[in-house]
Amino acid sequence: MWYIIIYDMNGVEMARVPITEGAVVSIGSDPSSVLPMPGLAPAQAFVYLTEGYPVIEDGGTQSTMIDGFALVEPAYLTAESMIGFGPYTAYAWFDEAAFLPPPGFVPPPPDALPPPPPPPDMVAPVAAGYYPDPAAYPPAEQLQAGGGQIQINTGEHDVGPSVVPGPVQFGSDAQVIGKRQLKLIAREGYLDGREFVLAYDESFDVGRAPNVEIVVDDPSVSRIHARMTLEEGGTLLVQDLRSTNGTYINGKEVVREHASVGDRIRLGEVPFYVAAVGESAAGGGARFSVAQYKKLVFTFIGILFFFGVIAVVKVARQKRFKPPVDPKTQQASYDDNIKARVARLKAEADELARMDEWDESVAKYRESLSLVPDDADIKEKLNQALFEKRNYAIFKEALEFKNRMTHDMRIKALERFSAIDKKSQYYRADISPLIVELKQELARHYRDEGTMLFKAQQYQQAHELLCQYFELDSKLDDLKGEEQVRLDLQHSEKVLKGRKDFVACEAMRFLEARIPVDEMWAKQAKEAIFKKYPEGIADQVLTYFIGDPKNAMFGLEELVKNPKYKKKFAAHTQLIIELQGQLRSVVQGYESGETKLQAGDADAARTEWSVVLTVDKTIIPDGFKSRYSRNIGNRLSKSYYLDGRKSLDLYRYEEAFDYFKKGMDLDPDDTTELLEGFKELEQQAGIFLDEAVQLNDSGNVDAAKKIFVRITKITLESSPTHQKAKSFLK
């Protein structure tokens, strides 16, 4: 019989209630509960029997614990299960003696009350007032020691002697039958072949947790997966402890089941074999039951039948009638296969080319050309791949030299970069900034070393280094800094001119002083402004042109109000007033746009600045831009670039192209970032082009045409991809 025993927080037993079939033991603070316990929920938990085993179910509080885990669904209890709710602890206890009444026991009448439950270490007593029949046993004085007899107790004790049928002996003549020992043998994984000997009357927890008796470190096994108890008679009680992947005996999932020698136990995905101690894994695997032998025989017969059917079908196919094959149909099928293979090879080669894997790309193009030797497109791509392969090898070698960061290696790197063909994609896309960087690094070295030697009056070495500085034409320094280097070089030449081994520097940058582009442009703008406006007014417009509109407005005000100039410019009063209003509008619009851009409202800033640009065009002659106009163009170009990047990241290629194009139109002199955006669009257009060509070759002309049209909308007219798409559309 099963009991539920309740202890308080001090370990003192508070209640012990039997769990009977069909009855429910309710635990909670409700006075109507079988076990009313203060401090708990009204209906904390329920305990009942299912198929002879106790089950505990939470009453909806989700605060009942079992073995340290929250009880979320009904669970079986064992003698080792620890139940917790609030300050109380409970255990399930099974009284084996309650199932085995003593010999000679006289059953009580139906209306008799059962005795109170005994403590765990005592045999259940018989109901008060009912004892075995003393006449059925000899008197106490006739008992002999060692005879396997038990004295009959009357009055104070309840247990009578055992009546044992058959040849079983007691006392000194009794024979002890040995208990059979079992072991678990792991069959797979890192535990393969390892044996775990099981002892009687002990429970073994199996799982991944480090504190269990048998640790199985496998992800399919739960932390505390199952509990195994070796019982009398050589059977193994296996109980699943709410594992994630289940416990199986001979392929059947179990919750609480017995296993014996020869059975296979699987915990999650880890199999074990139950064997007797002294039996090896190999030996255990050789013992089969009758059912296993039958299963093996039927499996073998099924395999033979399967292979027999395959053999019959194969022979029938070989001997069946084969109609004659039409040569045209066969040739058409062969041509289709060749086209499909060529298309696949071309796509693979194109993808390898985009990843700079030129050796593999050339091999793919050659393989496809061997299938269709007259394909002009493949020949063109093969030649291009060979061309880029040579330039890529030079490019990699130059990069290796550059990364060594020494002066000599930089010189070699510059030589190798200069050897790259200007038609190569590596020259167009990658090499330009690298060459500029190398030239500037070398020029800085020549300038610093030459200047130091010049100051040390070592004019010969200084002359050589400073001349190399000008030969690089790196534009490292501004005009002022470059002019200082030129003066040092000229002085060195004057000192060395009388020597026989003197060789003058012939670098074009040294012989022809660079005219500042900004100054030249400003000079041309000044001439245009003085052609458009009278002399005094032109001076103020030029002041605005170089970026000082407030002083320009002040100067215009002087021309109108100062008596010194009032009469001279009386005929131009209306023009001066218009210019004042326009300059005021430029200043206010620029500041307003800047404020809105800082606030994150790029669209509003563009609106304000568009008005400023329109006004600026009416003030400044055609072909020139004021400092305000250039600043606005630069800021707007930057904002269009950022919007284009967002659209590009969202795969809105047409929208991204429109933003990049607007930015380039506003600021064509500073397009580094915008060109990067166009380059990414060009790469995507190349992918679209390959897809469209395949569709066109397969006969799907309408779908290909749509892609070709899309390519023309996301590429510049000067790009090769744009030209190819237009040629297909024609």
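Me: Why is Cys467 called buried?
Reply: Buried means under 20% relative accessible area, while exposed means over 50% and partly exposed lies in between, using a 1.4 Å probe and protein chains only. Cys467 has 10% relative accessibility, so Cys467 counts as buried. Bear in mind that this is a predicted model, where local features need pLDDT of at least 70, side-chain atom pairs count only at pLDDT 80 or more, and totals for chains, interfaces and linings use all residues. Residues are numbered from 1 along each chain as its sequence is written, and side-chain values use heavy atoms, with hydrogens and water left out.

Me: What makes Cys505 buried or exposed?
Reply: The relative accessible area of Cys505 is 3%, so Cys505 is buried.

Me: How do you know that Cys467 and Cys505 form a disulfide?
Reply: The rule asks for a pair of cysteine sulfur atoms within 2.5 Å. The sulfur atoms of Cys467 and Cys505 are 2.1 Å apart, and the two form a disulfide. The link of Cys467 and Cys505 is right-handed, with 85° about the S-S bond.

Me: What parts of the chain does the pair link?
Reply: Distant ones: Cys467 is in helix H8 (residues 459–472), and Cys505 is in the loop between helix H9 (479–496) and helix H10 (508–511), 38 residues apart. Helices (H or I, at least four residues) and strands (E, at least two) are DSSP runs, numbered from the N terminus. The chain has 21 helices and 22 strands.

Me: Which residues touch the most other members of the largest nonpolar core?
Reply: They are Phe395, Phe417 and Phe470, in a core of 45 residues. A nonpolar core is a set of buried Ala, Val, Leu, Ile, Met, Phe, Trp, Tyr and Cys residues joined through side-chain atoms within 4.5 Å. Helices that each supply at least two residues of this core include H3 (327–354), H7 (425–455) and H8. The largest share, nine residues, comes from H7. A second, separate core of 32 residues includes Ala528, Leu579, Trp609 and Ile632.

Me: What makes E2 and E8 edge strands?
Reply: Six strands form an open sheet in the order E2-E1-E11-E10-E7-E8, with antiparallel pairing. Strand E2 (13–19) and strand E8 (69–70) each have a single partner strand, so one side of each is left without a neighbour in the sheet.

Me: How do you know that E1 and E11 pair?
Reply: Two strands pair if DSSP finds at least two bridges between them. Six bridges join strand E1 (residues 2–7) to strand E11 (residues 88–94), and these run antiparallel. Ile4 has Ala92 in E11 as its bridge partner.

Me: How many bridges join E7 to E10?
Reply: Two bridges join strand E7 (residues 65–66) to strand E10 (residues 82–85). The bridge partner of Ile66 in E10 is Ile83, and Ile83 stands opposite Ala90 in E11. In the hairpin of E10 and E11, with two residues between the strands, Gly86 takes a positive phi near 65°.

Me: Why are the buried residues of H21 said to be on the same side?
Reply: In helix H21 (residues 720–729), Thr721, His722 and Ala725 are buried. They cover an arc of only 100° around the axis, so they are on the same side of H21. That arc is taken over the directions from the helix axis to the C-beta atoms.
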